[in-house]
Amino acid sequence: MKILVFGGTRFFGKKLVERLIRDGHDVTIATRGKTADDFGDTVKRVVMKRESRENLFCLAQEKWDVVYDNICFSPQDALNTIAAFRDKVGKYVYTSSLSVYRMRDRALAEADFDPFHYEIVTGTREDFDYGEGKRLAEAVYFQKATFPVVAVRFPIVLGEDDYTGRLEFHIDHVLAGEEIGMPNQDAEIGFISSDEAADFLNWVGTRSDLVGPVNAASDSVYRLEEIMALIETATGKEALVEENTDDNDDSPFGIEKTYYLDNTKAKEAGFVFQDLRTWLPKLIRFGIVKRN
């Protein structure tokens, strides 16, 4: 297949490109050109600005079997993409987010946010917070695109290559004896690994007929208290968790209510997810070893 990837030089986007290359696809990555990659001559490269309508139309001079979009954050980006790629793409895979859901306190299914009837408001990335930008981008794609679209809704993605340091925040605070702010340690949370996220994107784009919104998350969830207990066991130190702390000590996982994805739709379509309770403890141990 001839495949275009917006992004693709770090985290699960890079892992996706590695899988596409392995499977023999003709891959082009479109990035700002600021992050080096080690793909050599196995990919083609285009330097572009995601927000540039002109750059998008240049890319759309060719036809693509699949386009992966990991870096669309606004309705205007989506509108420009639709205008450029009309009749030029077989399937469009948009990386969306758990953040499209406003509800809490239960497993969230795809129907809990309906982009097909969500009112579209135009604007750029600076005009909306992250969640609203993703909601509006989904709404634009599903209401206006002339090509098939699947919006993959990921929870927090973790991995050995996670540049955001969200898991490491907790490990570092425990090792340093510093407070961690969590308003509700009984809240349940889900994740997906960067490897699994890449596997899912590869599958949904090249080996699946799925379209529409789809949740992708590892099986099982953890209570936040359980995650901290895992870190305590692995470090041999007590976690100092408080409901209220200074902003710089607030946990990146510090949700007030249970917040995780129901992955039934993807499983029924044939994807087999890993169990979070198998890989997260290993990742915690890796994070601690890396710091010693």
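Predicted model: local features only at pLDDT ≥ 70, side-chain atom pairs only at ≥ 80, totals over all residues.
Is strand β7 largely enclosed by the rest of the structure or exposed, and how many of its six residues are buried? Residues are numbered from 1 along each chain as its sequence is written, and side-chain values use heavy atoms, with hydrogens and water left out.

View 1. Six of the six residues of β7 are buried, so the strand is largely enclosed by the rest of the structure. (Buried means under 20% relative accessible area, exposed over 50%, and partly exposed in between, with a 1.4 Å probe and protein chains only; strands are DSSP runs of E with at least two residues, helices are runs of H or I with at least four, and both are numbered from the N terminus.) In a regular strand the side chains alternate between the two faces of the sheet. Here V149, A151 and R153 lie on one side of β7, V150, V152 and F154 on the other, and all are buried.

**View 2. The open sheet around β7.** Seven strands pair in parallel in the order β3-β2-β1-β4-β5-β7-β12, where pairing requires at least two DSSP bridges between two strands. At the edges, β3 (43–47) and β12 (212–215) each pair on one side only. Neighbouring strands are turned by 20° against each other on average, direction ignored; the axes are lines fitted to C-alpha atoms, and angles run from 0 to 180 degrees between N-to-C directions. Strand β7 (residues 149–154) runs parallel to β12 and is joined to it by four bridges, with V152 partnered by V214. With β5 (residues 89–97), β7 pairs over six bridges, and Y94 stands opposite A151.

View 3. The chain is divided into domain 1 (2–156 + 192–215) and domain 2 (162–191 + 220–258 + 278–290), with bounds from an automatic or database domain assignment. Their centres, taken over C-alpha atoms, are separated by 29 Å. Ten residues of domain 1 are in contact with eleven of domain 2, contact meaning heavy atoms within 4.5 Å. The largest nonpolar core has 38 residues, and L158, F191 and L280 touch the most other members. (Such a core is a set of buried Ala, Val, Leu, Ile, Met, Phe, Trp, Tyr and Cys residues joined through side-chain atoms within 4.5 Å.) Its largest share, six residues, comes from α9.

**View 4. L280 up close.** Leaving aside neighbours within four places in sequence, L280 is in contact with L158, L167, F191, Y222 and I227. A second, separate core of 31 residues includes L16, V93, W203 and V204.

**View 5. Q185 in its loop.** Between β9 (179–181) and β10 (188–189), the loop holds Q185, which counts as partly exposed at 27% relative accessibility. Not counting residues up to four places away in sequence, Q185 touches R223, L224, E225, M228 and V241. Although Q185 and A198 are 13 residues apart along the chain, their C-alpha atoms are separated by 30 Å.
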